[in-house]
Amino acid sequence: MKQRVITAVIALAIFIPLIFVGGTAFNILVVAMGLVGTSELLMMKKKLLVSFEAIISYLLTAVFLVPNAWLSFLPEKVTHFDLAYFLILFLLLNSVFTRNRFSFDDAGALTIGSIYIGLGFHYMMSARQSSIWMIFFALFIVWITDSGAYMIGRKIGKHKLAPNISPNKTWEGSIGGTIATVIVVGLYVFFLQAHFTYSLLLMLLLVLILSVAGQFGDLAESAYKRYFDVKDSGKILPGHGGILDRFDSILFVLPLMHFCGLL
């Protein structure tokens with residue numbers, strides 16, 4: 001527990017100030033986290049971090065992740081998705097060069113992972129670019145849902161939510177965490193209504209949906225960790241695991257915020 005608290009304090013001491021600073025400094029941090037997340041995926045797949053497929057995976061993640069302005073050197077008619085497509089072709093060709101030691105399944109997993117990680121962190125930068133209030137809106141949804149579900153689940157949780165994937169989670173904790181989030185983040189929106197384009201009632205509905213989405217993100221990460229038979233996605237955050245362990249929920253919440261027109 002002591003190690004967990006120390007890590008959290010140090011991480012927040014870096015992350016929170018850079019949120020306030022914003023701009024290039026924050027973007028560089030987010031890009032770094034996305035690339036570390038990709039390295040965690042490679043390690044779970046038992047792939048070398050310095051290899052052809054690793055380099056292509058980093059580039060593929062970066063294509064989805066970096067701000068549009070960072071790819072302004074591309075020819076006018078070439079889009080992010082064109083570049084991503086050719087990188088995916090290189091992953092597929094790697095199965096030919098390695099005589100299927102790197103398989104089609106490997107290419108698929110790294111492609112999905114790069115899109116999941118790259119776009120998720122891309123929208124973190126979009127949220128900060130939108131406003132500091134918007135990125136804290138997303139973070140508060142995730143943090144309060146997670147904390148509320150943990151505390152309420154420990155006190156009154158009896159019915160398992162997904163015992164085969166995450167045996168410690170309960171329905172009581174999940175519902176309680178979402179209710180706590182709607183109340184607390186609802187107050188946040190109420191006092192900062194001028195910074196949100198939708199009505200308070202619609203924002204409350206979105207908070208509820210996003211809170212549930214964040215929990216699905218947590219469960220999805222638990223599912224693929226069980227598939228890879230690992231306890232944590234990485235070890236970069238002692239006591240907490242890896243980048244994907246800490247940002248699994250936000251990687252679901254932020255793209256959905258974009259889809260709902262908040263970003």
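Reply: Glu-221 is buried, with a relative accessible area of 1%; buried means under 20% relative accessible area, exposed means over 50%, and partly exposed lies in between, for a 1.4 Å probe and protein chains only. The model is predicted, so local features need pLDDT of at least 70 and side-chain atom pairs count only at pLDDT 80 or more, while totals for chains, interfaces and linings use all residues. Residues are numbered from 1 along each chain as its sequence is written, and side-chain values use heavy atoms, with hydrogens and water left out.

Glu-221 forms a salt bridge with Lys-225, and their closest N and O atoms are 3.5 Å apart. A salt bridge is a side-chain nitrogen of Lys or Arg within 4 Å of a carboxyl oxygen of Asp or Glu. Side chains of opposite charge can pair when their charged atoms come close. Both partners lie in helix H8, four residues apart, which is about one turn of the helix. Helices (H or I, at least four residues) and strands (E, at least two) are DSSP runs, numbered from the N terminus. Lys-225 is also buried, at a relative accessible area of 12%.

A second salt bridge joins Asp-218 to Lys-169, at 3.5 Å from N to O. This pair links distant parts of the chain, since Asp-218 belongs to helix H8 and Lys-169 to strand S2 (residues 166–170), 49 residues apart. Asp-218 is buried, with a relative accessible area of 13%, whereas Lys-169 is partly exposed, at 26%. A search of the whole structure finds six salt bridges.

Helix H8 also takes part in an aromatic pair. The ring centres of Tyr-224 and Tyr-116 are 6.2 Å apart and their planes stand at 80°, so the pair is edge-to-face. Rings of Phe, Tyr and Trp (its six-membered ring) pair if their centres lie within 6.5 Å; planes under 30 degrees apart count as stacked, over 60 as edge-to-face and the rest as tilted. Here too distant parts of the chain are linked: Tyr-224 is in helix H8 (residues 200–228) and Tyr-116 in helix H5 (residues 104–130), 108 residues apart. Both tyrosines, Tyr-116 and Tyr-224, are buried. The structure holds 15 aromatic pairs.

The length of the helix can be checked as well. The expected span of a helix is 1.5 Å times one less than its number of residues. For the 29 residues of H8 this should give 42 Å, and the end C-alpha atoms are 42 Å apart, which agrees. After H8 comes Asp-229, whose phi is positive, near 60°.

A further salt bridge is that of Asp-232 with Lys-231, where the closest N and O atoms are 3.9 Å apart. Asp-232 counts as partly exposed at 29% relative accessibility, whereas Lys-231 is exposed, with a relative accessible area of 69%. Elsewhere, salt bridges that share partners join Lys-45, Lys-47 and Asp-106 into one network.

In summary, helix H8 holds Glu-221 and Lys-225, which lie about one turn apart. Asp-218 links the helix to strand S2 through Lys-169, and Tyr-224 links it to helix H5 through Tyr-116.
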